[in-house]
Amino acid sequence: MEEFINAEINSYDAIIDSHGNPIFETGNCTPISIMDSVNYGDDAIFYIEKNLSEDVQEAGRATIKSFGVKSRFVHFEFFRLLSDHEGIGKKGTVMALEVNMRPCGGFTPDMINYARETNVYKIWADMVAFDKTEKEIGGYHYCGFAGLRDYKDYVLTHEEILEKYGDHLKMTGRLPDALSAAMGNKIYMATFDTKEELETFFKDLLETK
């Protein structure tokens with residue numbers, strides 16, 4: 001039986017050339033457990049980091065080297081400890097969780113595009129065809145995802161969310177029932193330049209009456 005780890009998930013998402021060098025790097029943070037979202041019907045939130053942290057970048061690049069990764073779009077997950085764990089690490093330590101030799105799932109590639117003002121599908125195709133890319137990154141923003149539940153009575157209505165965050169929203173809609181257990185029924189994606197704006201967005205959307 002595995003020990004429970006009090007941590008948030010930080011990912012390393014990168015497109016790697018045939019020599020094992022990353023030609024694009026980013027990452028996301030998931031502060032709420034997806035397991036809790038499924039088991040307890042919690043809201044689902046995560047976000048693309050504005051800037052990839054140095055320790056996650058180092059861990060991601062070390063993982064690329066360890067596995068000999070070449071010519072792939074990868075999604076590696078790490079725990080960032082929220083408290084000290086004896087024999088594992090101190091609070092704030094990044095530790096290995098999961099290695100995926102594939103892109104991140106769901107809408108995450110689109111969120112990366114919004115956060116970087118780029119096109120990771122084009123970068124991926126360039127890597128496959130030319131082993132490099134000249135696709136530019138247009139900017140650096142946070143891109144947040146909020147998945148809300150039908151059964152909850154939220155303070156803000158859908159119309160009020162559109163009115164308040166219309167300039168920031170990139171996508172909104174409903175998820176099929178097959179996906180809603182993990183990700184929520186109604187989804188909202190928005191970009192922000194500061195962490196404070198992102199946190200206010202999550203707070204506003206998740207607040208219930």
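Buried, in my notes, means under 20% relative accessible area, exposed means over 50%, and partly exposed is in between (1.4 Å probe, protein chains only).

**Ground rules.** This is a predicted model, so I keep to pLDDT of at least 70 for local features and 80 or more for side-chain atom pairs, while totals for chains, interfaces and linings use all residues. Residues are numbered from 1 along each chain as its sequence is written, and side-chain values use heavy atoms, with hydrogens and water left out.

**Helix 2.** Helices (H or I, at least four residues) and strands (E, at least two) are DSSP runs, numbered from the N terminus.

Next, which residues of helix 2 are buried? I found V56, A59, G60, T63 and I64. They sit on the same side of helix 2 because they cover an arc of only 140° around the axis, going by the directions from the axis to the C-beta atoms. The face turned away from that buried side carries exposed E54, K65 and S66.

I also looked up what covers the buried residues (contact is heavy atoms within 4.5 Å): strand 1 (7-16), strand 5 (72-81) and strand 6 (94-100) are included. After helix 2 comes G68, with a positive phi near 65°.

**Aromatics.** Rings of Phe, Tyr and Trp (its six-membered ring) pair if their centres lie within 6.5 Å; planes under 30 degrees apart are stacked, over 60 edge-to-face, the rest tilted. I got nine aromatic pairs in the structure. In one of them, F192 and F201, the ring centres are 5.2 Å apart and the planes are at 45°, so the pair is tilted. Both F192 and F201 are buried.
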